[in-house]
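Dear colleague,

I am handing over the structure we spoke about, and I would be glad if you could look through it before reading my notes.

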Amino acid sequence: MDKRLRSVSLATAATLTLGGAVGAGPAAAEPTSSASTAVEPAPFANAVVKPAPFAGMVAGPALSRRNVAEPALSASAAAEPASSASVVAETAPFAGMVAGPALSRSTAAEPALSASAAVEIPATPAGDQLRWLVDALRRAPVPEAEIRERITAEYLSHITPAQFNEVFVAFADLKLTAVSATEPASVHARATSGGKNWRVAVYVDATGRISQLLFREIVPPPRPPGDWPELERRLAAIAPEVGFVAAEIDGRTCRPVRGVEPRTARPLGSMFKLYILGTVARQIRAGRYSWDTELTITPELRSLQVGGLGARPDGSRVSVREAAELMISISDNIGTDLLLHKAGRKAVERTVLAWGAPVKGNVPMLSTRELFMLKSEHAYPQLADQYKKLSVKGKRAFLADTVGKIPLSSFGHWPGPRELSAIEWFASPADICRAHAELRAMADPAVEKAMSIASAGIPGAWYKGGSEPGLLDVGYSVKDDDGKVRFVTLMAADHDNLLPEDTMGPELGALAAGAVELMRSTA
């Protein structure tokens, strides 16, 4: 068998993208939960060697090669978590609560890449590691000591040097065709290998070591649906539980055009971050603080995150504005938890209720770190079972006195869907439309920017998705030239099995693009 087509998976493989990264096609970069995807980014999906969480929200190590389609909604690539894998060695959770998917996982839009005859690799920590990677691929297998010098111990605790070498050998003929970097901690490239085109991404931690690698094959996207019945048939084939709504937003009102169980609450993954953004924006409008107010990353507020704020050491300061932009565009879990702490858990809960989402499951409003720990393999199901039996008051105390005291280093990836109906964030497709409507009604430039950074393939769209093992959600709103704001969200969940994000992400992207076009054609 051609080694390039082989798939080698670790026993505990799983992808958990809260974020969403999700792009419009499959692969969005939510550096999941992860730039996607993944989200939020995050996230943020596709050939991945990645250990990050929510980078989407990626939970679980895996080493496999998968194909992922290019975004269906536009020529540019979108990014949880993170998720939002094509050759994947991934250990991260919620890559950004990758979350992720391939609508993508990584969970935020990937930087535009410009090709040049002589590809220039940036002189940044991530660029230096990309330069090493290209050289290592040509020399593979490389010595174990060299791999340990270049890759974080955390990553290597899930993916062994021998497994990295297996991937390196498969890409021995890789040639870069274009490179782009928007921050020192990550670099994205296009490349050819084995007669195919690939996207390659390298993420580094605060020490400059590789914390995540991604190789994603670029393949043609699925075609958009030609009518509503086709969209509904294709959506039903994706997962046992699905829902969607296509609507026009008029002020704070959503006027449904088409839907499938539009008012049934479903697990959100990183989509819950919309409610944090809304709470923060309202508090800023009330004068409690500003978009330029600084927040400090502390050990207590650190969550699982590859790239973004995950590459910054404790004690680093970040503005509310930057945290919000990273929370939405790449589904950054650290930015999310910093903002949840700043705004206040109960204040976010009030926003959820005021915007019509259900109380059940959303009170107390979990931080990303708390959700990770409650589902973590290291103490499951004991912690989760204790938590579920408590009253709301008891749960608040349990989060503060027990879950909050668990060191992040104790986290253990979980292998498949876990507690999607009990330990999550919840809202219906109609609720998410209402959230977009409320955010748009604020007319806040900072909100506008945060929501439009990762347009996930639909030019000018606001986007936030979410994913983790067993769920993948995407949501878009776009203001067209006719002045109408069109919205679509699609949600899919399987409480028993992992979803095939490599094919499902691109399919959701195509369905979303088709829904927007169908609304435009009947205007």
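This is a predicted model: local features need pLDDT of at least 70, side-chain atom pairs count only at pLDDT 80 or more; totals for chains, interfaces and linings use all residues.

Residues are numbered from 1 along each chain as its sequence is written, and side-chain values use heavy atoms, with hydrogens and water left out.

The protein has 15 helices and 20 strands, where helices (H or I, at least four residues) and strands (E, at least two) are DSSP runs numbered from the N terminus. Of its 523 residues, 65% count as buried; buried means under 20% relative accessible area, exposed means over 50%, and partly exposed lies in between, with a 1.4 Å probe and protein chains only.

Strand 11 pairs with strand 20 (residues 485-493) in the antiparallel sense over nine bridges, pairing being counted if DSSP finds at least two bridges between two strands. Within this pair, Glu248 stands opposite Arg486 of strand 20. Strand 11 also pairs in the antiparallel sense with strand 12 (residues 253-260), over seven bridges, and here Ile249 has Cys254 as its bridge partner. The hairpin of strand 11 and strand 12 has two residues between the strands, and Gly251 takes a positive phi near 65 degrees in it.

A search of the whole structure finds 30 salt bridges, each being a side-chain nitrogen of Lys or Arg within 4 Å of a carboxyl oxygen of Asp or Glu. One of them joins Arg266 and Glu241, at 3.9 Å from N to O. Because Arg266 lies in strand 13 (residues 266-267) and Glu241 in strand 11, this pair ties together parts that are 25 residues apart in sequence. Arg266 is buried, at 7% relative accessible area, whereas Glu241 is partly exposed at 33%.

Another salt bridge is formed by Lys449 and Glu325, whose closest N and O atoms are 3.5 Å apart. Since Lys449 lies in helix 14 (residues 445-452) and Glu325 in helix 7 (residues 320-329), the pair ties together parts that are 124 residues apart in sequence. Lys449 is partly exposed, with a relative accessible area of 47%, while Glu325 is buried at 13%.
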